[in-house]
Amino acid sequence: MTKHDRVIYLFGSAAPPVFDIAKVIEDAQARSFDVCLGLTPTAARWLAPQLAELERLTGHPVRSEYKMPGERDVWPEADVIAVAPATFNTLNSWALGLTHDFVVGVVAEGIGKRIPTVAMPCVNAAYVRHNQFERSVAELRAMGVRVLYGKDGFVPNQPGQGKPKEYPWDLVLDTADELASA
């Protein structure tokens, strides 16, 4: 068993690369991260058959809902947060402060708590033509979030032509590693 020196909150949205999250967890653990997995409600539904295995793999409950007021937190405090894949909805909600789901609520609060955070979108080229997308990326960057988008991160494909197996997860983990070590 690898010793886990640092805690990473790994948050996934409902985009096809989320189906590879078990491998990403193992890669993060190999980098000495204790992984806490959070999913948007749709991503949790997509991964429902794997949730028990993902909890066994991380040693923590997989969360997709807010806890009840007064209920103790079941996760240790984060050293770094990684939001990937981050959908159009997740990025825009986060940038606008619309905390309708657990993942967006934690990452919005994480900015105020000054938890180092990296995000990498997974959106198609049609979504990025919407004016709000670029505004949201710029807003998150202005708040200190490292958004891996463009030539040094995720490059969108045309609608229906995604390549989920080519999603650059290593960039997310490299950046999380760097942020947690800073």
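Which residues have the most contacts inside the largest nonpolar core? Select Leu10, Ile21, Ile25, Leu37 and Leu39 to find out: these are the ones. The core they sit in has 33 residues. Keep in mind that this is a predicted model.

**Stop 1: the largest core**

Now colour the elements that build this core. Those giving two or more residues to it are strand 1 (6–12), helix 1 (21–30), strand 2 (33–39), helix 2 (41–46), helix 3 (51–58), strand 3 (80–86), strand 4 (117–121) and helix 8 (169–181). Which element gives the largest share? Pick helix 8, which supplies five residues. In soluble globular proteins, nonpolar side chains tend to be buried together.

**Stop 2: Leu37**

Zoom in on Leu37. Leaving aside residues up to four places away in sequence, Leu37 touches Leu10, Ile21, Ile25, Leu54, Pro61, Val62, Arg63 and Trp75. Show their side chains one by one.

**Stop 3: another core**

Next, select Ala95, Phe102, Ile115 and Val128. They are among the 29 residues of another core, which lies apart from the largest one.

**Stop 4**

Select helix 4 (residues 88–96) and helix 5 (residues 102–112). Their axes come within 9 Å and cross at roughly 40 degrees. That angle makes helix 4 oblique to helix 5. The crossing of helix 4 past helix 5 is right-handed.

Which residues meet here? From helix 4, show Thr90, Ser93 and Trp94. From helix 5, show Val104, Val107, Ala108 and Ile111. By class, this contact has five nonpolar residues, two polar ones and no charged ones.

**Stop 5: a cis peptide bond**

Go to strand 3, where you will find Pro85. Look at the peptide bond that joins Ala84 to Pro85. Is that bond cis or trans? The bond is cis, with omega near -10 degrees.

**Stop 6: two positive phi values**

Move to the loop between helix 1 and strand 2, and click Ser32. Its phi is near 70 degrees, a positive value in a residue other than glycine.

Then jump to the loop between helix 5 and strand 4, and click Arg114. This residue is not a glycine either, yet Arg114 has a positive phi of about 60 degrees. Is Arg114 buried or exposed? Arg114 counts as exposed, because its relative accessibility is 72% and the cut-off for exposed is over 50%.

Key. Residues are numbered from 1 along each chain as its sequence is written. This is a predicted model: local features need pLDDT of at least 70, side-chain atom pairs count only at pLDDT 80 or more; totals for chains, interfaces and linings use all residues. Side-chain values use heavy atoms; hydrogens and water are left out. Axes are lines fitted to C-alpha atoms, for helices over the stretch in contact, and angles run from 0 to 180 degrees between N-to-C directions. Helices (H or I, at least four residues) and strands (E, at least two) are DSSP runs, numbered from the N terminus. Angles under 35 degrees count as roughly parallel, over 145 as roughly antiparallel, 65 to 115 as roughly perpendicular and the rest as oblique. A crossing is left-handed if the near helix is turned anticlockwise from the far one by less than a right angle, and right-handed if clockwise. Contact means heavy atoms within 4.5 Å. Ala, Val, Leu, Ile, Met, Phe, Trp, Tyr, Cys and Pro count as nonpolar, Asp, Glu, Lys and Arg as charged, and the others, Gly among them, as polar. A nonpolar core is a set of buried Ala, Val, Leu, Ile, Met, Phe, Trp, Tyr and Cys residues joined through side-chain atoms within 4.5 Å. Buried means under 20% relative accessible area, exposed over 50%, partly exposed in between (1.4 Å probe, protein chains only).
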